[in-house]
Amino acid sequence: MRILGIDPGLRTTGFGVVDVVGADVRYVASGTIGTQHLDTRALPERLKVLFDGMGEVVQRYQPTCASIEIVFVNVNPQSTLLLGQARGALITALVTAGLPVAEYTALQMKQAVAGHGRAQKDQIQEMVKRLLSLPGLPGPDAADALGLAITHAHAGKAMARLAAADGLGGNGKVSYRAGRRH
């Protein structure tokens with residue numbers, strides 16, 4: 001299974017790709033898609049860059065599924081709305097490519113990668129480096145994206161086993177939204 005993790009952002013979106021082979025999670029690629037070169041008032045153009053960029057990442061690395069961070073409500077409602085629009089463009093690119101998309105909170109990712117939900121960016125970078133045996137620290141956005149892919153590699157398998165064991169959703173259709181609590 002090849003997992004694409006995404007840390008959404010309107011200025012900088014991080015992506016990370018890992019392969020899952022048995023219990024091993026192996027690094028494939030990571031990077032960012034940026035819109036800093038565009039005027040901050042050019043929202044439609046920035047969303048297009050994110051949509052097209054994610055399409056290129058999917059085409060190049062051929063993931064079998066994706067995981068993306070759930071937007072948190074910010075102190076500034078305008079920032080939250082802008083981030084939500086960026087996230088929407090990214091999710092649209094993923095589903096247009098036919099990928100299943102799982103969603104995880106930053107807290108869930110931090111717990112899965114660092115063992116506690118209050119981990120700082122530098123701690124996530126260090127743990128991702130160690131978990132994937134990288135020669136150096138990934139950038140903060142790429143590290144978060146790789147963390148989301150790692151989270152899905154572990155949580156996604158567990159949720160699928162639970163669904164199969166409990167017969168959730170009936171007829172083999174799963175009725176949970178990965179990463180969300182109801």
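The legends below describe close-up views of a predicted model.

In this predicted model, local features need pLDDT of at least 70 and side-chain atom pairs count only at pLDDT 80 or more, whereas totals for chains, interfaces and linings use all residues. Residues are numbered from 1 along each chain as its sequence is written, and side-chain values use heavy atoms, with hydrogens and water left out.

**View A. The open sheet has five strands in the order β3-β2-β1-β4-β5, with mixed pairing.** Helices (H or I, at least four residues) and strands (E, at least two) are DSSP runs numbered from the N terminus, and two strands pair if DSSP finds at least two bridges between them. The edge strands, β3 (24–34) and β5 (101–104), each pair on one side only. From one strand to the next, the twist averages 20°.

**View B. Strands β4 (residues 65–69) and β5 pair in the parallel sense.** Four bridges make up this pairing. Glu-69 has Tyr-104 in β5 as its bridge partner.

**View C. Helix α1 (residues 43–61) packs on the sheet.** The helix touches β1 (2–7), β2 (12–21) and β3, where contact means heavy atoms within 4.5 Å. The direction of α1 makes about 150° with that of β3; axes are lines fitted to C-alpha atoms, for helices over the stretch in contact, and angles run from 0 to 180 degrees between N-to-C directions.

**View D. Helices α1 and α2 pack at an angle of about 35°.** Residues in the contact include Leu-47, Phe-51 and Met-54 of α1 and Leu-82, Ala-86 and Leu-90 of α2. By class, the contact has twelve nonpolar, four polar and no charged residues; Ala, Val, Leu, Ile, Met, Phe, Trp, Tyr, Cys and Pro count as nonpolar, Asp, Glu, Lys and Arg as charged, and the others, Gly among them, as polar.

**View E. Helix α3 (106–114) gives the most to the lining of the largest pocket.** The contribution of α3 is three residues; α2 (77–96) and α4 (121–131) are also among the elements that give two or more. A pocket is an open set of points on a 1 Å grid over the protein atoms alone, where a 1.4 Å probe fits, with protein on both sides within 12 Å along at least five of seven lines; lining residues have an atom within 4 Å of a point. Of the 18 lining residues, Asp-7, Glu-69, Phe-72, Lys-121 and Asp-144 are the closest to the pocket centre.
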